[in-house]
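Dear colleague,

I am passing on the structure below, and my notes on it follow. Please read them with the coordinates open beside you.

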Amino acid sequence: MTIGKNRKFTMFFLMLAPAFITGGMALNEYVPYSSAIGWLLAVVSQVIAIVFVVRSNRMKRMIKGTLTS
């Protein structure tokens, strides 16, 4: 069984969120407001992952609805 394209993007953005937080905390000494920027990018990454999940579920429902009709 293969992983769908939307699921790959979802996993990518879910894994990217902690990387943004870690990067922001690591650069806290060198870049002003880097921790806030890292957290903001992590939230944006989570929202993008949610969009891909919703899109995938919507497509599954559309396919399921067309098969039963």
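Is Tyr33 buried or exposed? Tyr33 counts as exposed, because its relative accessibility is 68% and the cut-off for that class is over 50%. Please keep in mind throughout that this is a predicted model.

Tyr33 has its place in the loop between α1 and α2, and its phi is near 60°, a positive value in a residue other than glycine. For context, most residues other than glycine have a negative phi. The loop between α1 (5–26) and α2 (34–68) also holds Tyr30, which is exposed with a relative accessible area of 62%. Together with Leu27 and Val31, Tyr30 forms a nonpolar patch on the surface, and the accessible area of these residues together is about 310 Å².

Turning to the helices, Ser45 is found in α2 and counts as buried, since its relative accessibility of 2% falls in the class under 20%. Apart from its neighbours within four places in sequence, Ser45 is in contact with Phe13, Leu16, Ala17 and Phe20.

As for the aromatic residues, the structure holds three aromatic pairs. In one of them, the rings of Phe12 and Phe13 have their centres 5.3 Å apart and their planes at 70°, so the pair is edge-to-face. Of these two residues, Phe12 is partly exposed, with a relative accessible area of 46%, whereas Phe13 counts as buried at 17% relative accessibility. Ring pairs link Phe12 and Phe13 with Phe9 and Phe52 into a cluster.

Technical notes:
Residues numbered from 1 in each chain as written. Predicted model: local features only at pLDDT ≥ 70, side-chain atom pairs only at ≥ 80, totals over all residues. Heavy atoms only, no water. Patch = residues over 30% accessible without salt bridge, like charges linked within 9 Å, V, L, I, M, F, W, Y side chains within 5 Å. Areas by Shrake-Rupley, 256 points an atom, 1.4 Å probe, with all protein chains shown as cover. Salt bridge = Lys/Arg side-chain N within 4 Å of Asp/Glu carboxyl O. Helix = DSSP H or I, 4+ residues; strand = E, 2+ residues; numbered from the N terminus. Buried < 20%, exposed > 50% of the residue type's maximum accessible area, 1.4 Å probe, protein only. Contact = heavy atoms within 4.5 Å. Phe/Tyr/Trp six-rings, centres within 6.5 Å; stacked < 30°, edge-to-face > 60°.
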